[in-house]
Amino acid sequence: MTESTPLSLPEIGVEQIALLERLSNAVAVSGDESEVRAIVLDAVKPLADECSVDALGNVLVTKRAQVENPLRVMLAAHMDEIGFMLVQDDDNGLYQFQVVGGIDTRQLPGKPVWVGRKHIPGVIGAKPIHLQEAGESGRTIPLDALRIDVGPGNGGKVKPGDRATFATSFQQIGPSLIGKALDDRLGVATLIELLKHAPGNVELLLAFTVQEEVGLRGARVAGYAFNPDLAIAVDSTPAMDMPMWDGSENNRYNTRLDAGPAIYIADSSTLADPRLVRHLAGTGDRFGIPYQFRQPGGGGTDAGAIHTRRAGIPSVSVSVPGRYAHTAVLVTRFNDWKNTLQLLHAAIQTMTPALLSELR
Amino acid sequence: MTLELIPFLKQMLSLPGLSGNEAPIREVIADAWRPFVDEISTSPLGSLHGLRRGQAAEPRPRILLAAHMDAIGLMVTGIADGFLRFTEIGGIDPRILPGQAVIVHGQKDLPAIVVQPADRLVKPEHGGSPLPMSDLLIDTGLLPDEVKSLIKVGDLVSFAIQPTELSENILYGHSQDNRASVAVITACLLELQHIRHDWDVWAVATTQEEETLGGGYTSPFAIRPTVAVAIDVTFAKGPGANDWRAFGLGKGPTLGFGPNIHPALHNRFKSVAEKLDIPHQVEIMPRHSGTDAFAMQVVAEGIPSMVIGIPLRYMHTPVEMVSVKDIERAGHLLAQVIAGLAAEDVNSIRWEDTND
Amino acid sequence: MKELIKKMVEVVGPSGFEGAIRDVIRTEIASHVDDIQVDAMGNLVARKGQKSPGGIRIMLAAHMDEIGVLATHVEENGFVRFTTVGGVRPHTLLGGRVIFVNGTRGVIGGERLESPGSLHSFEQMFIDVGATSRETCPVKVGDFAGFDRPFADYGDRLTSKAMDDRVGVAVLVEILRTMESSPNEVYFVFSTQEEVGLRGATTAAYAVDPDLGISVDVTGTGDTPKGSRMEVSLGKGPAIKVRDGGMISDPRVVQWMVRSAEASGLPYQLEVLEGGTTDARAMQLTRAGVPAGCVSIPCRYIHSPSEMVDIHDVQNAVKLLVALISQPVSLG
C-alpha cells in the first residue's frame, strides 16, 4: 500500500546520463582522483554553501538546512576506481605494473587500457596461444609476467607512478548502463543529484571520498571532520544473479539486477544501524519505491570507516547493484539507479531527529 | 653542540627496545636530542616528542618527522626443562633464527642462543625443512632451576649481534629498522642548529610501529601537525630483493610516491633534492607504504604525508645493512626542505594544482 | 556469582543486537553507579565516582556481544542459509542449535558430502527452524542468531555459550556490587561489536577519553590434551595479559597488576596469547594513546557453544580488579 507522493522525486534524464558518462570515462585510480574531483567541484560549487578539498583530496560539501537544529546527515560516495599503477620502465614502451584495489588477475590479459589523465592508450597483452605449452592456458598468468604496453617509441608519454584503467567507454544499451568505474561513479552522480534537490529539513554533508578501494581511507578522515548525526554510504555492490553451473538454486547472489537499490544489513566492515535500515525500508514501502536487502556478509563500504569515528556515528549503506564488479565492464540498470536516487531523496526528506531517539 | 652520527647509531643498535617496551632506547635518544630541541616529552604510549620551535609568528605551521624506535625481537611464551619457548614481536622469518645469538631480558640480561632441535626430535614431516618458530627453542646454558628463577613468561628477547662497519660507509647490525631513521632525524636536527626555519619541527621517535602503528596513530593526534613525514627503511637491491621494490644501496634516500603520499610534498622534496644535487631515488608505493605514514595520513581530519626511505639490505634480520651516506643525505634533505618552508607555504600543499 | 554468570550468558545478544543483554546489565548496575549512558553504537557506559586528588580516569571494558550467525537466504522449502558473525568456526556448528533475536529456534544441519567425514563449510550447512516454505518461515534475510546452549554448573567449572565475554560482564557487575570507595573516576563500559572488530570499544574509548584502559575478557589455556602450547591453565588464577595477537600491554600496567596481585595474596598467571585480541587494543590506540592492559579469565573451548571457566578464577579476577581500581594508581 503506497502513499500518494506529496514528495517530488528527482528523475534521471539526459543531463544525468551525460554526467555519469563523463564520470565513468574519467581515469581516477585510488590516490590520484583529480580527473573526477575536477568534474565534481565543477558540479557542486554553484550549489554548495561550503566546499573544500581536504588533506587526502576528499571533496567536502555542506548544504545548510532551512530549519533550526537540523539533523546533520552525511552521505559518502567514493571517487576512486580500481586500476593499475606503472612501477617500472622495461624499455620499448613496456611497463611493469601493480594492481590498485582488488582485481582478479584473470580479468587482465588481452585488455586495452588508458594511462594517466591524458588517457594515453595502451594494452595488457598476453602470450600467443601458438607459443604455449600443453596445459598452460589452464593457469592464471601471474601479474609479474604481464606488462602494460604503450607501444615502442611512446615510452616518453608515460612513466612509473602513472595510473591506468581499463579502456572502457560508457554506453547506455536498452535498460542497462554499462561502463567501467560505475563503482562508484554512480554514487558520485547520485550525491550530485541529491545536492541539486536538497530538501531543506536536514543539513546535508556530502563527502566525495578518495581511496575507498585501498582501505576506506578518505571516508575515515571525512567522517571525523564532519562528525554527523548519521551517515549513508552510497556505493555499488555485486549482483551475482546468474544461473548456477548445475542448475541448482542460486542462494549466494548477493543482490539482483532490477530489484532496486540494495540496503545493507551487514558487510565485513559494518553492522548497519537497524534504525536506519528500518527507515530506508519503510520509506520504500511508503512511497512504492522498490528495494532489496543485500545478502549479509563480505565486502565493505565507506560506512565501515565512518561509523567508528569519534564517539560513533549511526551508519548504513545503500548500493546500486552491478554485474561483474571490479572488472573492465560493469552492467547496471537505469531503473536501479533511478530508484536508488529516489529512495535516498525520500528517505532524507522524511528524516527527523526522532529517527535516532530510540536506542540502537 | 656536536654529535657523532656513526657512534650514536652504533650505540642505538646495541640496545634493546622491542615494540611496546621501548624505554631502554628512548632514554638514549632523548639524551641525544635534548640539546637540539626546546621541549622534550613522552606520549602515553611511550613515544618521544621533541619540539624545535620555528621563527614565524604564531600560530606556526608544524612539520612532524617520525621514525619508529621500536625493534623486532622475541618474547618468552613458556619454559620447558630449562629451554625457552618463544613467539615473535614484529614479523620474523623463522629461518634466520637457528644459531642466532640473543639476549634474554629476565631478572637480568642473559646471553643465550636460539637453537634448532635435531631432526630426530621433531615431527617427522618437519625433518629437513625449516622449523616453524613454535618448534625452536632458546638455550641460556643455565640449569632449569636457575632458568625458572630468572626468567618468566612474557620476558623479552633481543638480538645480540653487535653493529659492525664493513667499510667507512657500510654498517650492519640488528634494528637498523628503524634506528637508522632515528639517526636521520638526528642528523636533520644537527643541521637545523645553523638554520633559521619558520615552521615548528616535531621530532618524534614512535613506538609499536612493528606491531600496531600505535605511535603513528597517537602522536599526530596530540601534535596535529600540518604535514607529517615518516622516515623508514626500504628495500635495497641484493639477494632476494631485485625488482621494482628495491633500490640501490648508497644511491640515496628514496622519495615515496603513491596514495599514502601527498603529491605536493613529493614534488617539494624532489625539487629540493634536485636543486641541491642530493642523490635520491623515487619509490613507487601503489598501496600501503608499510610505514607510520599509513597511520599518520588518516589521523583526525587527515594529514598530508610523505615517506622518505633509507635503502637497507636483509630487512628484519639481525644483519641489516645500510649506507651511512644515505642516512646523511636524508638528514640533509630534510633539513633543507624545512629551511625552505615559509609560513605561507601551507597554502601550497593542496590538490588542485598538482601536475604530473 | 554463579547465578549472575548464568543470567548473563543465557541472554541472546550477537554482535549488533545487544539490546537485550544491555537491559539485563542495566537493571543489575543501576543502583551502583552515578551515571548511565547508551551511545550511538549501543555501548552501555556507566560512571562510578569522580576524580579526586591522586585519582585518574580508568576505563574498564567487557563486551556484551557474542558470536553468532546471520541469515543470508531462505530457500523455497524454508531452510535458512547463513553467514557468520565474529569468529565462528565450522566444526562447532553441525548438529548445534541457534536462537534468533526474534526468538525463533533452529537446528544446524548439513548437506550430504561427497567424502563423508570431511568438514562442512559454512555454505554446506543450513538452519532448520521447522518451516516448510519461504513464505511461512519466521526467519528472513538479515536476522541474527546466537548459539542456543544452556549454562551448566560442574562445581568449580562452569560451562556455557558466550562465556566470551559475558563472564567479563559478570566480573564488572560484581566489581560494582563489591567495591567500596575509590579515588578514581571509573567508567564501566559494556561494549558492543567486539567480536567483529572492537567497534564499540573504539568509539567508547574516544568518548570516555581515559587515562588508563583495562579490558576484562577471556583468554585461552594450554591445559587440554594435545592442546595449544600456552602457559595459562584453568584454576590457576586470573591471567595478566602481557601480549596478544593485536596488542602489547603497557609493561608498567603489567607490573602494576602483578604487584597488586602479590600484595593482595591473589593467584595470577602471565599470559601471552598468540592469536586474538581484546577491547584493550582499541583503548590503547585511541586519541593520543592510552596505557592499556587486560585481566583475562582463562577459558577452554573459546568460540564453541561450551566455553568453560573456573569459578575461582572469576572470583579472583573480581578481587584483583577491585584492589587495582580502589587505590591511587602508580604506574612508576
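**Exercise 1.** Is H316(B) buried or exposed?

*Solution.* The structure is a predicted model, in which local features need pLDDT of at least 70, side-chain atom pairs count only at pLDDT 80 or more, and totals for chains, interfaces and linings use all residues. Residues are numbered from 1 along each chain as its sequence is written, chains are lettered from A and ligands numbered from 1 in the order in which they are written, and side-chain values use heavy atoms, with hydrogens and water left out.

Step 1: apply the cut-offs, by which buried means under 20% relative accessible area, exposed over 50%, and partly exposed in between (1.4 Å probe, protein chains only). Step 2: H316(B) has a relative accessible area of 19% and is therefore buried. Step 3: locate the residue; H316(B) belongs to the loop between β16 (305–313) and β17 (320–323) of chain B. Here helices (H or I, at least four residues) and strands (E, at least two) are DSSP runs, numbered from the N terminus. Step 4: examine the backbone; phi of H316(B) is positive, about 65°, although the residue is not a glycine.

**Exercise 2.** Describe the backbone and the setting of Q208(B).

*Solution.* Step 1: Q208(B), a residue other than glycine, has a positive phi near 55°. Step 2: its place is the loop between β12 (200–206) and α5 (214–223) of chain B. Step 3: with 3% relative accessibility, Q208(B) counts as buried.

**Exercise 3.** Which peptide bond joins E58(B) and P59(B), and which one leads from D177(B) to N178(B)?

*Solution.* Step 2: the bond between E58(B) and P59(B) is cis, with omega about -10°. P59(B) sits in the loop between β2 (48–52) and β3 (62–68) of chain B. Step 3: the bond from D177(B) to N178(B) is also cis, omega being near 15°. N178(B) is part of helix α4 (residues 176–192) of chain B.

**Exercise 4.** Characterise the interface of chain A and chain C.

*Solution.* Step 1: with contact taken as heavy atoms within 4.5 Å, 28 residues from chain A and 30 residues from chain C take part. Step 2: the two chains bury about 2200 Å², 59% of it on carbon and sulfur atoms; buried area is the accessible area (1.4 Å probe) lost on putting two parts together, summed over both. Step 3: the rule for salt bridges (a side-chain nitrogen of Lys or Arg within 4 Å of a carboxyl oxygen of Asp or Glu) finds two across this interface. One of them pairs E123(C) with R252(A), whose closest N and O atoms are 4.0 Å apart.
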